[in-house]
Amino acid sequence: GVQTCALPIFFRDVLEHVADPSEVLEHYLSYLTDDAILFVSVPWSESKRAKQLSCDWEMVRPLGHLNYFSIKSLHWLLGKSCFVPVSTNTENIYGPYWRRMAVSAISMIYSIVSPSRWNFFGQRFKKLAQEISLFPGDPQGDQLHVISRRNMR
């Protein structure tokens with residue numbers, strides 16, 4: 001038989017990269033005890049940054065990210081594999097808003113005063129405009145974390 005494990009399993013930045021997240025979760029079920037803990041971290045499609053930037057959101061990576069998750073869709077996926085969410089939260093993985101704003105502004109100014117960087121001006125201006133449009137930042141962030149417990153009862 002298969003030896004089961006009581007240790008928690010971590011899927012940090014995994015499920016958005018696989019063709020069938022449900023199949024991946026099902027594969028690991030046979031290795032877990034009935035009360036196993038699962039930690040999942042994925043880009044959060046409902047974040048302020050995702051909604052406002054749409055296709056310009058940093059997490060839109062057509063060759064890398066195959067899936068995007070809302071809280072509801074991730075809870076549904078976990079429930080389908082007999083996992084009950086215990087804790088759900090979000091994290092701002094891009095750092096504090098004001099730091100990002102300052103870096104964007106300094107980067108744009110640098111491209112203005114450095115002739116060798118003039119070809120980057122448009123790109124840096126767009127980045128600064130994006131940060132301004134997101135004012136005052138997103139305290140929730142755009143990385144979704146869910147801790148769940150396997151429930152075989």
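Modeller: In α1, the residues Pro21, Ser22, Val24, Leu25 and Leu29 are buried. Buried means under 20% relative accessible area, exposed means over 50%, and partly exposed lies in between (1.4 Å probe, protein chains only). Helices (H or I, at least four residues) and strands (E, at least two) are DSSP runs, numbered from the N terminus.

Biologist: How do you know that the buried residues line one face of α1?
Modeller: Seen down the axis of α1, they fall within an arc of 160 degrees, so they line one face of the helix. The arc is taken from the directions from the helix axis to the C-beta atoms.

Biologist: What covers the buried residues of α1?
Modeller: The cover includes β1, β2, α3 (71–80), β3 and β4 (143–150). Contact here means heavy atoms within 4.5 Å.

Biologist: And what kind of model is this?
Modeller: This is a predicted model, in which local features need pLDDT of at least 70 and side-chain atom pairs count only at pLDDT 80 or more, while totals for chains, interfaces and linings use all residues. Residues are numbered from 1 along each chain as its sequence is written, and side-chain values use heavy atoms, with hydrogens and water left out.

Biologist: How many aromatic pairs does a search of the whole structure find?
Modeller: Five. Rings of Phe, Tyr and Trp (its six-membered ring) pair if their centres lie within 6.5 Å; planes under 30 degrees apart count as stacked, over 60 as edge-to-face and the rest as tilted.

Biologist: Why is the pair of Phe10 and Phe39 called tilted?
Modeller: Their centres are 5.6 Å apart, and the angle between the planes is 50 degrees, so the pair belongs with "the rest" in the definition: tilted. Phe10 lies in strand β1 (residues 9–12) and Phe39 in strand β2 (residues 37–43), so the pair ties together parts 29 residues apart in sequence.

Biologist: Which is Phe10, buried or exposed?
Modeller: Phe10 has 55% relative accessibility, so it counts as exposed. Phe39, at 17%, is buried.

Biologist: What makes the pair of Phe11 and Tyr28 edge-to-face?
Modeller: The ring centres are 5.3 Å apart and the planes stand at 80 degrees, so the pair is edge-to-face. Phe11 is in strand β1 and Tyr28 in helix α1 (residues 21–29), 17 residues apart. Phe11 is buried at 5%, whereas Tyr28 is partly exposed at 32%.
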